[in-house]
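Welcome, and please get your viewer ready.

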Amino acid sequence: MSMAQSPTISIPRKKTDDVDWTGPIRTVIAQSYGESPDNYASECAALQRCRQDAVKGAGSDATARDLLYKYFGQLELLELRFSEIRVQFSWHDAFTTKVTTQTSLAFEKASIIFQLASTHSSIAISQNRADPEGLKRAFNYFKTTAGILIYLNDNFIHSPSTDLSKEVLKFLTNIMLAQATEVFFEKLVDEKKGAMIVSKVAAQAAYSYTGLTEEAKEFMGRGIFDRNWITLIQIKVKYFTALSHYHRSLADTAAGRHGDSLARLNVAERLAKEAHRLGRNFNSDFVSTYSPTLPPDAGISILDLTKSLQILLGEKREEASRDNDLIYEAVVPPEATLPVIDKLAVAQPIPIQEVYGNPEVQKVIGPDMFARLIPLSVHESASVYSEQKAKLARAEVEKVEIADSEALSGLESLGLPAGLRKWKEIATAGQDGSEDSGIPPEVGSWATEVRDGGGQPGIEKAFASLEALKHEVDEELNAISKELETESRDCEAMRVKYDALWGQEPSAGLTRSLRQDLKSYRDTFNVASASVAQVVQLWQSVQPGLAILLSGNDGLEGFLAPASSDAQAAEQPSLLDMAEGPAGGDAAMQKEISRKVDDIEERIGRINKIKRERGQVLKDLKEKIQTDDVSHLLLLNRRSPNLEPGLFAVELQKFQPYQQRIEVTIQAQATVIDEINTLYKSLTTTRGAREWLKKAEGKEKRRGEAIARLAHAKKGWAQVRDTLEQGTQFYRDLGEMAAGLRRQATSFVAARVAERGRFVAKAKTERQKKSGFTSSQAPPPLPPNNPTTGVENQFSLMNLDSTMKRSFPPLPPPPPPGGTYQATAATSPSSLDPYARLVENPGLSSQGSLGTTASSPYSTQPSVPLTRSPPPSPPPSHPYYG
């Protein structure tokens with residue numbers, strides 16, 4: 001039977017006035033949390049806007065539903081932080097329109113839940129039930145509406161308004177369940193299910209609507225509900241009772257109970273006529289504007305449904321009566337004796353917890369608007385939980401570290417994996433050559449480095465350059481010593497000649513600083529010379545190995561390749577005698593060793609894989625612990641006493657899968673290590689393997705010695721090269737300082753020669769006076785310069801004037817008789833040369849004025865102290881030669 005869509009009832013919406021959330025929330029934040037309310041201005045504005053969207057301007061569709069979902073979810077979270085908040089909430093009764101105002105947050109939540117139930121019921125009645133999907137949605141929304149109303153009735157006891165009273169909520173719940181049953185009946189008919197089950201569902205719908213008519217009697221005269229609701233319910237009682245009898249008659253006919261079938265058709269036709277009569281009255285009185293909770297076509301729809309049913313039942317009764325009279329001749333029992341039709345409850349309310357547990361709904365609610373505002377008690381509890389997580393993490397880290405250490409020590413105790421190389425050589429000996437044949441890559445790189453660095457010719461050239469610089473410095477120091485000795489000898493010769501008349505101060509005191517610097521430079525030079533000798537010894541010791549390293553690939557291969565015969569090995573052990581196979585060419589033994597080596601390597605690789613997997617699991621566990629936060633759970637359950645131990649235990653269980661995976665890797669590792677021990681023991685006890693292992697170790701040792709000799713040669717070459725570079729720089733610095741010292745000495749000697757000339761003239765004058773000369777007599781002329789005299793000869797040979805004019809600044813004026821002299825030393829290269837620190841001689845003084853402070857009685861000018869600079873130290877002794 002094709003059926004039109006019967007009209008259903010929705011719950012009216014409540015109305016509300018505007019509410020100020022911001023002021024009360026700011027007050028609570030300032031008083032209870034001790035924080036600045038300004039920090040949460042955006043959260044307050046978001047909550048204000050959320051309420052406005054949920055209760056004002058939204059219709060009765062999915063958008064309105066989602067806005068209510070979000071606002072109620074935020075209210076639940078808000079109550080956890082602001083349970084003591086007081087806000088003026090004003091709501092109009094959905095049926096009486098009376099305004100109720102309360103400051104309780106529970107009243108706001110109850111009103112929002114009522115709005116949510118109203119929206120769900122509106123969505124349900126708006127579905128096109130001719131479409132199977134629309135039919136399914138209508139069925140679910142009617143059930144969720146009932147679940148929401150039941151939650152509201154159970155959790156909000158003291159109702160301040162009629163629409164929230166228990167009797168009204170119960171009545172609305174039963175309407176939703178009756179309509180859900182009605183929708184399910186339509187689904188069964190649409191799917192052409194069995195007549196017996198359809199009759200049972202129809203009987204259940206009739207029973208539900210009958211109960212509603214009984215409940216409606218209590219509200220008669222109170223003007224709470226729309227009168228059209230009551231009329232429509234009464235129509236549906238008749239309508240579904242008729243349908244239940246009709247479908248049961250179909251079942252009776254199929255079962256051969258033709259008398260019962262005809263009796264039920266008689267009852268059904270009578271009830272259908274009554275329903276049609278009520279439908280006509282309903283349609284004539286129905287005005288959609290007065291009943292917004294019913295579909296606009298409710299009157300026409302119910303009239304068409306009852307009329308169609310009446311016509312159908314009339315036809316079916318006449319057909320059944322004719323068939324019974326002509327064919328079956330069954331006795332038609334009276335209505336009172338007909339069996340009662342069983343009822344089948346098919347509509348169960350969907351709890352609101354299930355609605356809000358839907359991930360889509362949680363996504364709509366979004367994050368807690370005041371998530372940043374955490375009570376101190378929650379912080380403290382979260383800290384306790386964090387410590388428990390940290391304890392768990394430390395325990396797992398310790399287990400992983402112990403397991404890794406056991407794996408490493410287990411392999412190292414067997415000398416693995418390095419020890420397998422010798423066994424591989426035994427397994428492959430005599431087949432494809434030894435693994436050690438040829439030139440190792442590092443040896444080739446050494447040869448390339450030495451060759452690119454100049455090789456032996458480069459070192460010889462550096463030695464020649466060093467010797468030339470050394471000779472120059474030696475000559476410079478000898479010249480300084482000779483100049484000072486000549487000047488001192490000439491001064492003392494004049495003192496002997498003129499005795500008491502000689503007034504020039506001795507040179508010893510004046511040249512003390514110069515001579516100390518000269519001695520320091522000479523000592524440094526001698527130490528450096530000894531170092532050079534040691535470098536020469538090192539160079540001579542590494543030249544043979546260096547010659548082999550530079551002999552090319554053929555030479556290196558000839559040096560590293562062993563003699564192939566046993567006789568040669570016995571006479572002179574080869575460095576690389578790995579070419580022979582096992583005694584007697586035991587290929588079976590080689591194959592066995594190769595198999596066992598492969599098995600051990602495979603298990604070593606398995607150990608490494610287990611370690612990597614364990615490390616990754618530990619990393620994932622740490623990340624999981626780091627991101628885990630139970631603050632929201634603590635906030636939700638903050639009013640539950642002694643909840644923390646149980647909550648923490650449950651939350652820590654989320655880490656058990658990681659702990660179990662780590663434990664599995666530890667057990668697997670222990671098993672693999674046991675297998676490796678067994679395999680290695682079997683490998684070492686293979687027949688004849690021990691003797692060849694010793695032979696392989698001997699050959700490896702000889703090859704290692706040969707490579708070590710080449711390494712020593714390369715290292716020695718690098719050390720000689722570096723030391724020569726440092727030594728060359730050292731001698732350059734020392735040469736510059738020696739040249740500066742010589743300029744000081746030359747200037748000093750020149751000044752002393754000029755001074756000595758004046759003293760000679762004065763001494764002669766004094767001697768003449770003592771010999772009887774008068775003051776009127778002119779002093780005898782100065783003696784002419786004698787080129788054979790030491791001081792004059794040195795002065796003339798140096799050609800000081802031309803040299804100074806060409807290369808040096810003008811000399812200072814000569815000091816007065818008996819005065820002291822100071823010359824400024826050249827800048828010490830120690831402060832500039834990066835190698836100066838390497839060649840520093842700690843035994844020499846580097847600072848201080850060493851000039852004499854004594855002055856001659858003839859002095860008319862202040863003396864200038866003589867300063868000096870320290871020489872550079874020679875290169876340090878090489879570790880190879882002390």
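How many helices and strands are there in the protein? Colour by secondary structure and you will find 27 helices and three strands; helices (H or I, at least four residues) and strands (E, at least two) are DSSP runs, numbered from the N terminus. This is a predicted model, in which local features need pLDDT of at least 70 and side-chain atom pairs count only at pLDDT 80 or more, while totals for chains, interfaces and linings use all residues. Residues are numbered from 1 along each chain as its sequence is written, and side-chain values use heavy atoms, with hydrogens and water left out.

**The whole chain**

Of the 882 residues in the protein, 46% are buried (under 20% relative accessible area, with exposed over 50% and partly exposed in between; 1.4 Å probe, protein chains only).

**The cores**

Now select W21, I25, F82 and F370, the residues that touch the most other members of the largest nonpolar core, which has 118 residues. Such a core is a set of buried Ala, Val, Leu, Ile, Met, Phe, Trp, Tyr and Cys residues joined through side-chain atoms within 4.5 Å. A second, separate core of 46 residues includes I548, L556, L560 and A738.

Zoom in on F370. Leaving out residues up to four places away in sequence, F370 touches I25, Y40, E43, C44, L47, L78, R81 and F82, where a contact means heavy atoms within 4.5 Å.

**L68**

Next, go to helix α3 (residues 62–81) and pick L68. Is L68 buried or exposed? L68 counts as buried because its relative accessibility is 0%. Beyond its neighbours within four places in sequence, L68 is in contact with A54, I112, Q115, L116, T119 and Y356. Draw a line between the C-alpha atoms of L68 and T119: the two residues are 51 residues apart along the chain, and these atoms are separated by 9.0 Å.

**Q504**

Move on to the loop between α16 (455–498) and α17 (507–510), where Q504 lies. With 1% relative accessibility, Q504 counts as buried. Show side chains here: that of Q504 reaches the backbone oxygen of R752 at 3.3 Å. Not counting residues up to four places away in sequence, Q504 touches C491, R495, R752, E755, R756 and F759.

**Y328**

For a last stop, select Y328 in helix α10 (residues 298–328). Y328 is partly exposed, at a relative accessible area of 40%.

Terms used: Polar contact = N/O pair within 3.5 Å; in protein donor to acceptor, adjacent residues only side chain to side chain.
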